[in-house]
Amino acid sequence: MTVVLQVLGLVLGVVSWCLQSSCTSSQVWKVRSQAESVSSSQWQFEGLWMSCAATSMGSLQCSKFKTVLGMPAHIQACRALMILSLLLGLASIAVSALGLKCSKIGRTSEQAKGKMALTGGSLFILSGLSTLIAVSWYAARVVEAFYDPYYAGVRFELGTGLYLGWAASCLAILGGSMLCCSCRRSPPAPAAGHYSYNYSTTGQGQKIYRAPPVSESGSHKAYV
(Lines give C-alpha, C1' and ligand atoms only; values in the text may rest on other atoms or scores of the structure.)
Protein backbone atom coordinates (compact mmCIF):
# COMPACT_ATOMS: atom_id res chain seq x y z
CA MET A 1 0.00 0.00 0.00
CA THR A 2 2.88 2.36 0.75
CA VAL A 3 4.46 1.78 -2.67
CA VAL A 4 1.12 2.44 -4.40
CA LEU A 5 0.70 5.74 -2.55
CA GLN A 6 4.22 6.85 -3.43
CA VAL A 7 3.92 5.98 -7.12
CA LEU A 8 0.48 7.56 -7.42
CA GLY A 9 1.67 10.70 -5.62
CA LEU A 10 4.68 10.99 -7.91
CA VAL A 11 2.52 10.55 -11.03
CA LEU A 12 0.13 13.26 -9.85
CA GLY A 13 3.11 15.51 -9.14
CA VAL A 14 4.53 15.04 -12.63
CA VAL A 15 1.13 15.78 -14.20
CA SER A 16 0.76 18.88 -12.04
CA TRP A 17 4.21 20.12 -13.09
CA CYS A 18 3.24 19.75 -16.77
CA LEU A 19 0.05 21.73 -16.13
CA GLN A 20 2.04 24.39 -14.28
CA SER A 21 4.34 24.74 -17.28
CA SER A 22 1.36 25.11 -19.61
CA CYS A 23 -0.23 27.62 -17.25
CA THR A 24 2.92 29.72 -16.99
CA SER A 25 3.40 29.92 -20.76
CA SER A 26 -0.29 30.39 -21.50
CA GLN A 27 -1.40 33.72 -22.95
CA VAL A 28 -5.05 33.25 -21.98
CA TRP A 29 -5.05 34.27 -18.33
CA LYS A 30 -7.76 36.78 -19.09
CA VAL A 31 -10.02 37.31 -22.12
CA ARG A 32 -11.75 40.49 -23.18
CA SER A 33 -15.42 40.41 -22.26
CA GLN A 34 -17.71 39.90 -25.23
CA ALA A 35 -20.32 42.10 -23.54
CA GLU A 36 -18.18 45.15 -24.29
CA SER A 37 -16.73 44.02 -27.59
CA VAL A 38 -18.07 45.88 -30.61
CA SER A 39 -17.45 42.97 -32.95
CA SER A 40 -17.79 39.34 -31.99
CA SER A 41 -15.20 38.36 -34.62
CA GLN A 42 -12.30 39.82 -32.64
CA TRP A 43 -10.79 38.53 -29.44
CA GLN A 44 -8.22 39.99 -27.11
CA PHE A 45 -6.48 38.04 -24.39
CA GLU A 46 -3.48 38.47 -22.14
CA GLY A 47 -1.10 36.35 -20.11
CA LEU A 48 1.86 36.96 -17.87
CA TRP A 49 4.26 37.66 -20.72
CA MET A 50 2.37 39.15 -23.67
CA SER A 51 -0.93 40.45 -25.01
CA CYS A 52 -2.57 38.97 -28.11
CA ALA A 53 -5.39 39.83 -30.49
CA ALA A 54 -7.09 37.40 -32.88
CA THR A 55 -9.75 37.66 -35.55
CA SER A 56 -12.17 35.20 -37.11
CA MET A 57 -10.07 35.24 -40.31
CA GLY A 58 -7.31 33.40 -38.46
CA SER A 59 -4.87 36.25 -37.97
CA LEU A 60 -3.11 36.45 -34.64
CA GLN A 61 -0.93 39.28 -33.39
CA CYS A 62 0.95 39.14 -30.10
CA SER A 63 3.15 41.74 -28.49
CA LYS A 64 5.40 41.16 -25.49
CA PHE A 65 5.25 43.48 -22.55
CA LYS A 66 8.08 45.89 -23.19
CA THR A 67 8.82 46.78 -19.60
CA VAL A 68 9.22 44.81 -16.41
CA LEU A 69 9.37 47.52 -13.78
CA GLY A 70 6.40 49.28 -15.34
CA MET A 71 4.13 46.24 -14.99
CA PRO A 72 1.54 46.09 -12.21
CA ALA A 73 2.80 44.64 -8.97
CA HIS A 74 0.44 41.66 -9.01
CA ILE A 75 1.70 40.54 -12.44
CA GLN A 76 5.32 40.69 -11.30
CA ALA A 77 4.41 38.73 -8.17
CA CYS A 78 2.52 36.12 -10.20
CA ARG A 79 5.51 35.69 -12.50
CA ALA A 80 7.81 35.10 -9.56
CA LEU A 81 5.39 32.66 -7.90
CA MET A 82 4.91 30.62 -11.07
CA ILE A 83 8.66 30.37 -11.70
CA LEU A 84 9.17 29.38 -8.06
CA SER A 85 6.49 26.70 -8.33
CA LEU A 86 8.18 25.24 -11.41
CA LEU A 87 11.54 25.07 -9.66
CA LEU A 88 10.02 23.50 -6.55
CA GLY A 89 8.10 21.00 -8.65
CA LEU A 90 11.21 19.98 -10.58
CA ALA A 91 13.17 19.48 -7.35
CA SER A 92 10.32 17.54 -5.76
CA ILE A 93 10.11 15.17 -8.75
CA ALA A 94 13.82 14.35 -8.48
CA VAL A 95 13.77 13.89 -4.70
CA SER A 96 10.57 11.84 -4.72
CA ALA A 97 11.89 9.52 -7.43
CA LEU A 98 14.95 8.79 -5.27
CA GLY A 99 12.76 8.18 -2.23
CA LEU A 100 10.51 5.53 -3.76
CA LYS A 101 10.66 2.19 -1.97
CA CYS A 102 10.55 0.36 -5.29
CA SER A 103 13.64 2.18 -6.57
CA LYS A 104 17.07 0.64 -6.06
CA ILE A 105 19.77 3.31 -6.10
CA GLY A 106 22.97 2.54 -4.24
CA ARG A 107 22.70 1.36 -0.64
CA THR A 108 20.11 3.84 0.54
CA SER A 109 18.36 2.65 3.68
CA GLU A 110 14.59 2.53 4.06
CA GLN A 111 14.71 5.30 6.65
CA ALA A 112 16.63 7.58 4.30
CA LYS A 113 14.18 6.83 1.49
CA GLY A 114 11.30 7.72 3.78
CA LYS A 115 12.86 11.08 4.53
CA MET A 116 13.39 11.72 0.81
CA ALA A 117 9.78 10.89 0.03
CA LEU A 118 8.61 13.17 2.84
CA THR A 119 10.80 16.00 1.55
CA GLY A 120 9.53 15.51 -1.99
CA GLY A 121 5.93 15.54 -0.82
CA SER A 122 6.48 18.76 1.14
CA LEU A 123 8.05 20.40 -1.93
CA PHE A 124 5.07 19.32 -4.04
CA ILE A 125 2.70 20.95 -1.55
CA LEU A 126 4.73 24.18 -1.55
CA SER A 127 4.74 24.18 -5.34
CA GLY A 128 0.97 23.74 -5.43
CA LEU A 129 0.44 26.52 -2.91
CA SER A 130 2.63 28.89 -4.94
CA THR A 131 0.58 28.21 -8.07
CA LEU A 132 -2.68 28.53 -6.14
CA ILE A 133 -1.70 31.92 -4.72
CA ALA A 134 -0.61 33.22 -8.14
CA VAL A 135 -3.72 32.25 -10.10
CA SER A 136 -6.11 33.20 -7.29
CA TRP A 137 -4.49 36.62 -6.90
CA TYR A 138 -4.63 37.26 -10.65
CA ALA A 139 -8.26 36.09 -10.85
CA ALA A 140 -9.22 38.32 -7.93
CA ARG A 141 -7.82 41.38 -9.71
CA VAL A 142 -9.67 40.49 -12.93
CA VAL A 143 -12.99 40.05 -11.11
CA GLU A 144 -12.46 43.22 -9.10
CA ALA A 145 -11.85 45.28 -12.26
CA PHE A 146 -14.82 43.68 -14.04
CA TYR A 147 -17.33 44.63 -11.33
CA ASP A 148 -15.83 48.04 -10.57
CA PRO A 149 -18.31 50.66 -11.89
CA TYR A 150 -15.60 53.35 -11.95
CA TYR A 151 -13.14 51.29 -14.00
CA ALA A 152 -12.61 53.05 -17.35
CA GLY A 153 -10.38 50.46 -19.04
CA VAL A 154 -11.17 47.31 -20.98
CA ARG A 155 -13.02 44.69 -18.97
CA PHE A 156 -11.70 41.15 -19.04
CA GLU A 157 -12.99 37.78 -17.89
CA LEU A 158 -11.22 34.70 -16.56
CA GLY A 159 -9.24 32.72 -19.13
CA THR A 160 -8.37 29.06 -19.49
CA GLY A 161 -4.86 29.62 -18.15
CA LEU A 162 -6.26 30.28 -14.68
CA TYR A 163 -8.24 27.04 -14.71
CA LEU A 164 -5.09 25.16 -15.69
CA GLY A 165 -3.35 26.71 -12.70
CA TRP A 166 -6.12 25.71 -10.31
CA ALA A 167 -6.09 22.14 -11.61
CA ALA A 168 -2.28 21.99 -11.32
CA SER A 169 -2.30 23.28 -7.75
CA CYS A 170 -4.91 20.73 -6.66
CA LEU A 171 -3.00 17.84 -8.22
CA ALA A 172 0.30 19.01 -6.70
CA ILE A 173 -1.17 19.30 -3.21
CA LEU A 174 -2.92 15.93 -3.53
CA GLY A 175 0.22 14.19 -4.80
CA GLY A 176 2.36 15.76 -2.08
CA SER A 177 -0.11 14.69 0.59
CA MET A 178 0.01 11.10 -0.66
CA LEU A 179 3.80 11.10 -0.50
CA CYS A 180 3.76 12.51 3.02
CA CYS A 181 1.13 10.01 4.20
CA SER A 182 3.18 7.10 2.84
CA CYS A 183 6.04 7.93 5.21
CA ARG A 184 4.86 6.30 8.41
CA ARG A 185 7.45 5.97 11.12
CA SER A 186 8.34 2.36 11.78
CA PRO A 187 9.24 1.19 15.33
CA PRO A 188 13.01 0.95 15.94
CA ALA A 189 14.42 -2.56 15.75
CA PRO A 190 16.04 -3.95 18.93
CA ALA A 191 19.83 -3.92 19.00
CA ALA A 192 21.68 -7.16 18.29
CA GLY A 193 22.46 -9.26 21.39
CA HIS A 194 19.76 -7.68 23.53
CA TYR A 195 16.40 -9.06 24.57
CA SER A 196 13.28 -7.01 24.95
CA TYR A 197 11.20 -7.40 28.09
CA ASN A 198 7.76 -5.91 28.56
CA TYR A 199 6.84 -5.18 32.16
CA SER A 200 3.24 -4.33 32.98
CA THR A 201 2.49 -2.58 36.23
CA THR A 202 -1.20 -3.51 36.03
CA GLY A 203 -0.63 -7.24 35.73
CA GLN A 204 -0.69 -9.50 38.75
CA GLY A 205 2.80 -10.89 38.80
CA GLN A 206 4.40 -13.19 41.31
CA LYS A 207 4.63 -11.67 44.79
CA ILE A 208 7.50 -12.44 47.14
CA TYR A 209 6.82 -12.33 50.89
CA ARG A 210 9.52 -11.94 53.47
CA ALA A 211 9.19 -12.74 57.15
CA PRO A 212 9.41 -9.72 59.45
CA PRO A 213 12.64 -9.44 61.45
CA VAL A 214 12.50 -10.98 64.91
CA SER A 215 13.22 -8.56 67.74
CA GLU A 216 15.74 -9.34 70.46
CA SER A 217 13.11 -9.51 73.24
CA GLY A 218 11.11 -12.05 71.37
CA SER A 219 14.15 -14.28 70.86
CA HIS A 220 14.94 -14.32 74.63
CA LYS A 221 11.39 -15.30 75.47
CA ALA A 222 11.57 -18.15 73.03
CA TYR A 223 14.52 -19.73 74.80
CA VAL A 224 13.19 -19.33 78.34
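Predicted model: local features only at pLDDT ≥ 70, side-chain atom pairs only at ≥ 80, totals over all residues.
**The whole chain.** Coloured by secondary structure, the chain shows five helices and five strands. Followed along the sequence, these elements run in the order α-β-β-β-β-α-α-β-α-α.

**Surface and interior.** Next, display the accessible surface, which comes to about 14900 Å². Carbon and sulfur atoms account for 64% of that surface. Then select the buried residues, which form 31% of the 224 residues in the chain. If contacts are drawn for pairs with a separation of 6 or more, 65% of them join residues 24 or more positions apart.

**The second largest pocket.** Turn now to the second largest pocket, which holds about 240 Å³ of space. To display its lining, select Lys30, His74, Ile75, Tyr138, Arg141, Val142, Glu144, Ala145, Asp148, Tyr151, Val154 and Phe156.

**Helices at the lining.** Which helix gives the most to this lining? Highlight α2 (73-98) and α3 (110-147), each of which supplies at least two lining residues. The greatest contribution comes from α3, with five residues.

Finally, colour the lining by residue class: seven residues are nonpolar, one is polar and four are charged.

Conventions. Residues numbered from 1 in each chain as written. Heavy atoms only, no water. Helix = DSSP H or I, 4+ residues; strand = E, 2+ residues; numbered from the N terminus. Buried < 20%, exposed > 50% of the residue type's maximum accessible area, 1.4 Å probe, protein only. Contact = heavy atoms within 4.5 Å. Areas by Shrake-Rupley, 256 points an atom, 1.4 Å probe, with all protein chains shown as cover. 1 Å grid on protein atoms, 1.4 Å probe; cavity = no way out; pocket = protein on both sides within 12 Å on 5 of 7 lines; lining within 4 Å. Points joined across faces, edges and corners; volume = space filled by probe spheres on them. Nonpolar A, V, L, I, M, F, W, Y, C, P; charged D, E, K, R; others polar.
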